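Visitor: I am new to this structure. Could you show it to me and take some questions?

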There are 2 protein chains.
Amino acid sequence: MLHVVKIGGKLIEDEFLLDTFLKNFHKLRGSKILIHGGGKYASILSKRLGLYPKIVKGRRITNMKTLEVLIMSYAGLLNKALVASLEKLGTSTLGLSGADGNLIQSIRRYVKSIDYGHVGDFNKESVNIKDLYSLIQLNYVPVFCAITHDAKGHLLNTNADTIASYIAISMKEIEEICLHYCFEKRGILRNLEDANSYYTKINFDNFYKFRIFYQGMIPKLENAFYALKKGVRKVNILHPSSLFCRRKDKTLLYL
Amino acid sequence: MLHVVKIGGKLIEDEFLLDTFLKNFHKLRGSKILIHGGGKYASILSKRLGLYPKIVKGRRITNMKTLEVLIMSYAGLLNKALVASLEKLGTSTLGLSGADGNLIQSIRRYVKSIDYGHVGDFNKESVNIKDLYSLIQLNYVPVFCAITHDAKGHLLNTNADTIASYIAISMKEIEEICLHYCFEKRGILRNLEDANSYYTKINFDNFYKFRIFYQGMIPKLENAFYALKKGVRKVNILHPSSLFCRRKDKTLLYL
């Protein structure tokens, strides 16, 4: 079993939650890959440097200065902090971007009406399965930040949920995959005011019919269901304290 | 033959020089490890963030805020830019800190009269030879920034010349080593005003007697001679255009 685990948002910003996650991730048996999003540090750094996000039609544009801040925050500060913490616990990790070893290659997003800037999208050959598996066979846990490259010398900002989903889909050729989207809540909530109101299961047809209910969770759920459709065995959305396959207090997705 | 190559200073800051270096490094035959120092970006970033270096008795102190800037600049921006550029050329690289895979473990500098802050020093067990060699055997070129860790969860700022020297010394157990300190000059200059006045050879006894002449180069030369004394086969100080063992326009060090 290969666990592909994505963490992001408030989980990364909260010291106690992150500590819970790291301890449970360390204990998780089997092969593992970790993918992390950003947390708020990139925004704080941007503001301190006098950079303000450029938003076009509600979408953030990654210009070169913003990309630099993301690389510094994600590939630098956050990635190495996670590596140092996991090494302390005894999990042997390699902190990587997609450029490292050409492990995740993306394509700069095609410009239709909006140029999103230095943003990478995937195709089915994006993940270098063979080389990634060689590192896992050496007992390393690859820890990916949300930066990839186009193999032409350019780094690209890439959505961490999508990286997790594509890694899971690609690696299923080699091992059975359990994909975990790990965050600060106990699952997808029916009622945002009630932390215990999580769905234990969501079925694809219901998601499709009632997607309006899953406030702010649509992109994550789309990535998650896409992975299931492409043959990933199990997809969970869960709190770090439930990061074990047998625990039932999580949202399990199914087709 | 394993080439251990260190780059730093103006070589990193000058686009043309860096490009020359990367092309020649890519062409260099045999196994390779790259270690990079910082360049001026960390200072620029520090100033933009309103951080000014704390100097005690002429020595820079690495407090937590400074360490964060170094991690962002070295492990983030610079390391990933080098990786993306080398991948473009076709050299398969892994951009690493010493924390990754616990490959380089250091010890926080002992406080005598001055506390240098988050600065790491080495001992002879610092380099994880076996695991580093496993990555090389997978045909990766490890690209190290000058950040290591203490294996207790703390990252440490570490001198890049010293990392290069210790990697060379440790890896000589496995392969014959050629250690290159690569920078913007053609070698160690007799006269700083004359770019062609480089020594073709410097002998340890002469270095020891006349060390006062090697302005600003003492720490680099000390690291270099230490490597020679510990059994590294060849140590050069050279310009990126001379990065081939047969080229003679460089300063060769000998005992």
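Visitor: Which helix gives the largest share of the lining of the largest cavity?

Guide: This is a predicted model. Helix 4 of chain A gives the largest share, with four residues. Helix 4 (64-89) of chain A and helix 3 (41-48) of chain B each supply at least two residues of that lining.

Visitor: What makes Tyr41(B) a lining residue of the largest cavity?

Guide: A lining residue has an atom within 4 Å of a cavity point. Tyr41(B) is listed in the lining, as are Arg48(B) and Met72(A), among others, so by that cut-off Tyr41(B) counts.

Visitor: What classes of residue make up the lining of the largest cavity?

Guide: The lining has five nonpolar, no polar and three charged residues. Lys65(A), Glu68(A) and Arg48(B) are in the lining, and they count as charged because Lys, Glu and Arg belong to that class.

Visitor: Why are strand 5 and strand 12 of chain B said to stand at the edges?

Guide: The sheet is open, with eight strands in the order 5-8-2-1-11-13-14-12. Strand 5 (93-96) and strand 12 (201-203) each have a single partner strand, so one side of each is left without a neighbour in the sheet.

Visitor: How do you know that strand 12 of chain B pairs with strand 14 of chain B?

Guide: Pairing needs at least two bridges. Three bridges join these strands, so they pair. One of the bridge partners is Leu252(B) in strand 14, facing Lys201(B) as its partner.

Definitions and conventions
Residues numbered from 1 in each chain as written. Chains lettered and ligands numbered in written order. Predicted model: local features only at pLDDT ≥ 70, side-chain atom pairs only at ≥ 80, totals over all residues. Heavy atoms only, no water. 1 Å grid on protein atoms, 1.4 Å probe; cavity = no way out; pocket = protein on both sides within 12 Å on 5 of 7 lines; lining within 4 Å.
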